[in-house]
Amino acid sequence: MTPPSTTSTGRLLQGGRVVDATGEQVADVAVRPDGTIAAVGTDLDLTALGLADADVLDCAGCVVAPGLVDLHTHLREPGREEAETIETGSRAAALGGYTAVVAMPNTEPAIDSAGIVRQVLEAGAEAGLCDVRVAGSITAGRRGEALSPMAEMADLGVQIFTDDGNGVQDDRLMRRALEYASGLDLTLAQHCEVEALSEGGHMHEGAWSSRLGIPGIPAEAEELMVFRDIALSRLTGARVHFQHLSTAGAVELVRQAKAKGLPVTAEATPHHFTLTHAEVASYDPTFKVNPPLRDDDDVAAVKAGLVDGTIDAIATDHAPHTQEVKEAPFDEAPCGMLGLETALALAITELVEPGLLTLPEVLALMSWRPAAIAGLDGVHGGPVVADAPAHLVVIDPEEEWTVEPAHLASRSRNTPYAGRTVRGRVRHTLLCGEPTVRDGKATR
Amino acid sequence: MSPTAAARRAGPARNLLGIDDLGPDVASGIDEVMGLTDSFVEVSERIIPKVPTLRGRTVVSLFFEDSTRTRLSFETAAKRLSADTMNFSVSTSSVKKGESLRDTIETIEAMGVDAIVVRHGSSGVPRQVARWTDAAVVNAGDGWHEHPTQALLDCYTIRQHAGSFAGKHIAIVGDVKHSRVARSNVAAFTALGAEVTLVAPPTLLPPSLEGWPVRVSHDLDGVLPHTDVCYLLRMQRERMTEALIPSLREYTATFGLTTRRADRLPDDALIMHPGPMNRGVEIAAEVADRPGAVIVDQVRNGVAVRMAVLFLLLGSGTEWGGEDA
Ligand SMILES: [Zn+2]
């Protein structure tokens with residue numbers, strides 16, 4: 001990416017603790033006007049670096065890290081701009097500490113051709129708030145019938161493909177997709193859901209669905225497809241990335257597949273490690289999501305998977321919906337909840353605070369590991385060192401704040417965390433050295 | 001909410017969304033309704049079956065799903081209490097033209113109503129409605145979830161014919177999984193001290209019965225000799241196409257209350273059904289007409305029970321739950 005504006009005289013991120021994949025150190029970070037890092041260290045000689053007039057960003061008490069990378073974002077444009085646009089979604093991303101997001105292809109029309117890929121990439125670059133990348137669809141129109149032109153989209157830099165919103169149901173087609181993708185060195189990501197088992201369901205099938213009288217989606221609908229795709233990865237040698245794992249059984253299957261050395265990776269969302277199906281007792285469709293909120297054992301298993309490395313990344317599955325469509329009867333409301341602006345704080349509150357993970361481990365799950373899965377590791381998530389692009393996030397890990405839907409940058413308000421007090425806040429986000437977020441506020 | 005309606009109420013209205021809303025002690029909540037029902041049964045037997053209790057109050061019936069029986073029962077109850085009634089049925093409303101559920105509620109609320117009786121095919125709609133209005137909300141049946149006034153009239157009918165509930169064995173037979181009546185009745189019957197056995201093939205039971213104070217049997221013949229009340233649920237044809245049962249014929253053969261099976265019941269056992277019945281499927285025609293079958297009493301008691309519920313929500317100072325956080 002090129003810097004969004006070039007009036008900068010360079011910047012100095014002063015007084016923070018720099019954390020990246022190589023370790024941590026107390027250091028200042030100097031950024032050149034061209035958006036690359038000039039130097040990292042203490043007592044930097046700014047004059048010698050040509051940055052005597054540098055704009056100083058206070059990072060005292062904060063962690064300075066590579067910008068976060070979201071593998072799973074629904075930006076809704078084209079087609080559902082009333083819920084989110086590429087601009088509002090990437091502003092929300094910046095506020096959440098992200099410098100790159102992978103936009104899911106379940107737009108209208110679906111991202112299944114070079115033309116639409118180009119359109120989304122251009123709109124992302126124009127907004128200039130975040131590096132907007134796209135996932136192409138595996139099948140044409142996400143209909144699950146024929147392969148989409150993956151090579152054509154790969155020429156534009158698309159490296160990950162998914163029919164997210166739906167899993168590829170046809171076993172033979174999925175095998176062919178994996179074979180074809182492996183020839184292009186691409187990754188296929190799967191929304192794991194066997195529709196024959198989930199159809200008609202609106203929440204996790206179990207004690208709560210039985211009590212509330214809401215048709216359920218059994219955990220096995222997810223697990224069967226995880227199992228199938230592990231088998232197909234073995235058959236084809238192709239890389240498979242499992243999206244939003246939500247069940248204990250699915251986590252265990254991925255654990256076993258990794259132990260056998262298969263090229264599989266997985267992500268989990270904040271809502272799947274912080275909320276359970278008991279939330280649905282309110283019949284509030286804000287809590288309707290796919291895969292659904294599961295039970296306590298599943299939440300524990302997802303956390304365990306994050307701790308032991310079975311799950312490689314925390315992804316948001318940021319899925320904005322307007323108030324109008326969410327204020328429907330539970331079984332008529334669409335699935336999805338917001339995620340970009342709360343993910344980091346939830347990870348800190350629910351994983352770091354109780355001592356399950358350290359903050360550097362959370363950053364691995366939210367920055368450098370997802371960057372590698374998305375094929376962005378040359379640009380995002382890399383070590384904070386001289387000459388690297390200054391895609392950075394500055395986090396105050398102690399700041400407490402309360403989630404207030406009205407204050408979110410997303411065009412939609414469907415957060416399940418309204419009113420919840422969380423710890424850990426993004427102070428600054430820099431894209432190519434330019435603050436997209438400064439002192440907790442979006443700059444544009 | 002209209003200023004007059006607001007002035008009448010000190011806080012958010014009381015609701016009846018499910019049996020648990022009858023209070024922290026569900027049994028005494030049910031007892032209270034039963035006691036009131038006794039007096040409203042007496043009103044219903046008068047030459048002019050009407051009292052001025054809810055004069056000036058407005059009760060709206062908001063039915064998104066057809067149920068003439070239940071709607072008429074509520075409207076009759078409201079009229080006998082001298083309330084004004086409005087009928088907002090979905091076929092004539094703007095809901096079909098894309099108006100949201102919430103818009104509909106706000107429109108109704110703007111008319112200044114005191115109670116909204118909601119029937120909807122989706123579970124949870126009455127709870128959502130209660131979040132958006134200060135009027136009292138009565139659940140008249142939502143999806144597979146609850147139908148509390150049906151359970152109350154069933155309790156009243158059982159008490160009328162069998163006296164107390166303590167130690168009584170009640171079998172609820174059939175499609176429990178899709179039954180709002182079953183969910184409300186399990187809660188009500190067990191709260192009153194009865195022992196409930198659900199009798200159905202596993203495909204017609206909820207996927208989990210965690211926390212349900214019931215026993216389960218797949219053998220109706222074995223259960224019947226120890227049953228004081230045999231409560232049959234309506235069996236719907238589409239359960240066959242959903243592969244939940246092989247055929248209605250097989251269902252009747254294994255779970256239908258045939259004449260031969262009904263003979264296994266104790267002599268004084270009651271046979272109940274929430275209606276409408278599929279004679280020849282879950283219940284044999286002759287069985288429905290036996291002396292122990294109190295299906296007609298259930299319908300008759302419905303009006304008085306609903307009068308009691310409306311009176312409790314609108315006409316008395318009783319504090320009930322059912323408010324949404
Ligand atoms: Zn998905």
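Guide: A polar atom of the side chain of A:S210 lies 2.9 Å from the backbone nitrogen of B:S208, where a polar contact is a pair of N or O atoms within 3.5 Å, one of which, within protein, must be able to donate a hydrogen and the other to accept it, and residues adjacent in sequence count only if both atoms are side-chain atoms. This is a predicted model, in which local features need pLDDT of at least 70 and side-chain atom pairs count only at pLDDT 80 or more, while totals for chains, interfaces and linings use all residues. Residues are numbered from 1 along each chain as its sequence is written, chains are lettered from A and ligands numbered from 1 in the order in which they are written, and side-chain values use heavy atoms, with hydrogens and water left out.

A:S210 itself sits in helix 7 of chain A, residues 207-212, helices being DSSP runs of H or I with at least four residues, numbered from the N terminus. Because its relative accessibility is 1%, A:S210 counts as buried, a word that stands for under 20% relative accessible area with a 1.4 Å probe, protein chains only. Setting aside residues up to four places away in sequence, A:S210 touches B:R183, B:P206, B:P207, B:S208 and B:W212, contact meaning heavy atoms within 4.5 Å.

Elsewhere in chain A, A:W368 belongs to helix 14, residues 359-373, and it also counts as buried, because its relative accessibility is 14%. Apart from neighbours within four places in sequence, the contacts of A:W368 include A:V19, A:D20 and A:P66.

Methods. Helices (H or I, at least four residues) and strands (E, at least two) are DSSP runs, numbered from the N terminus. Buried means under 20% relative accessible area, exposed over 50%, partly exposed in between (1.4 Å probe, protein chains only).
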